[in-house]
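Please examine the sequence and the three-dimensional structure shown below. The report that follows is intended to be read beside them.

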Amino acid sequence: MTELLSTKNLTKYILPEGILDYFDIVKVEEILEELYISLEEKNTVPIEYSNKKILSKGFFKTAIVQDFPVRGMPVFLIIKRRRWKLVDSEKIVFRNWKLIAEGTKYTQEFAAFLKELLR
């Protein structure tokens, strides 16, 4: 039996695996035949700090990374990562994301694909 996909279910085929578990899509724009998907990290405290008093302290500087093209159109993810402050120590904490391939501006999946393609 086939199932009609919701918009959220469809995006899991376009975005890096699992990204919607931690990020919300806040905007999608087509600008000069390029697709820009703005993602904002959800305000859910990292599990390792769930037993501590913690305050949201906004976002880090926005990162823009290139992902797989869609229908021949370049896709860029505009990523806003959150940071929190531990109330007791004033320490700033955040999730350690491995979204961007080292030394590139590509998602890890897209960089691995390009690396394999160029072999």
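**Basis of the model**

This is a predicted model, in which local features need pLDDT of at least 70 and side-chain atom pairs count only at pLDDT 80 or more, while totals for chains, interfaces and linings use all residues. Residues are numbered from 1 along each chain as its sequence is written, and side-chain values use heavy atoms, with hydrogens and water left out.

**Overall build**

The chain contains two helices and seven strands. Here helices (H or I, at least four residues) and strands (E, at least two) are DSSP runs, numbered from the N terminus. Read from the N terminus, the order of the elements is α-β-β-β-β-β-β-β-α.

Of the 119 residues in the chain, 29% are buried. Buried means under 20% relative accessible area, exposed means over 50%, and partly exposed lies in between (1.4 Å probe, protein chains only). Among contacts with a separation of 6 or more, 53% join residues 24 or more positions apart; a contact means heavy atoms within 4.5 Å.

**Nonpolar cores**

A nonpolar core is a set of buried Ala, Val, Leu, Ile, Met, Phe, Trp, Tyr and Cys residues joined through side-chain atoms within 4.5 Å. The largest one has twelve residues: L15, I19, L20, F23, L35, I37, L39, V65, M73, V75, L77 and I79. Strands β2 (34–41) and β5 (73–80) each supply at least two residues of this core, and β5 gives the most, with four residues. Apart from it lies another core of five residues, including Y49, W84, L86 and V93.

**A pocket**

The second largest pocket has a volume of about 160 Å³. On a 1 Å grid over the protein atoms alone, a pocket is an open set of points where a 1.4 Å probe fits, with protein on both sides within 12 Å along at least five of seven lines; its lining residues have an atom within 4 Å of a point. Grid points are joined across faces, edges and corners, and the volume is the space filled by probe spheres set on the points.

Eleven residues line this second largest pocket, and the closest to its centre are K12, G18, I19, L20 and D21. By class, its lining has four nonpolar, three polar and four charged residues. In this scheme Ala, Val, Leu, Ile, Met, Phe, Trp, Tyr, Cys and Pro count as nonpolar, Asp, Glu, Lys and Arg as charged, and the others, Gly among them, as polar.

**Individual residues**

T11 belongs to helix α1 (residues 7–11). With 14% relative accessibility, T11 counts as buried. Leaving aside residues up to four places away in sequence, T11 touches L20 and I25.

L55 is part of strand β3 (residues 54–59) and is partly exposed, at 44% relative accessible area. Beyond four places in sequence, L55 touches R83, W84, K85 and V87.

K85 sits in strand β6 (residues 82–86). K85 counts as buried because its relative accessible area is 17%. Its contacts, not counting residues up to four places away in sequence, are K53, I54, L55, K57, E90, K91 and I92. The side chain of K85 also makes a polar contact with the side chain of E90 (3.2 Å). A polar contact is a pair of N or O atoms within 3.5 Å; within protein, one must be able to donate a hydrogen and the other to accept it, and residues adjacent in sequence count only if both atoms are side-chain atoms.

E90 itself lies in the loop between β6 and β7 (92–93). E90 is exposed, with a relative accessible area of 51%, and has a positive phi of about 70° although it is not a glycine. R71, in the loop between β4 (63–70) and β5, has a positive phi near 50° and is likewise a residue other than glycine. R71 counts as exposed, at 85% relative accessibility.

F94 is found in the loop between β7 and α2 (108–117) and is partly exposed, at 37% relative accessibility. Not counting residues up to four places away in sequence, F94 touches P46, F60, R81, R82, R83 and W84.

| Residue pair | Separation in sequence | C-alpha to C-alpha distance |
|---|---|---|
| T11 and I25 | 14 residues | 9.6 Å |
| L55 and V87 | 32 residues | 6.8 Å |
| F94 and W84 | ten residues | 6.3 Å |
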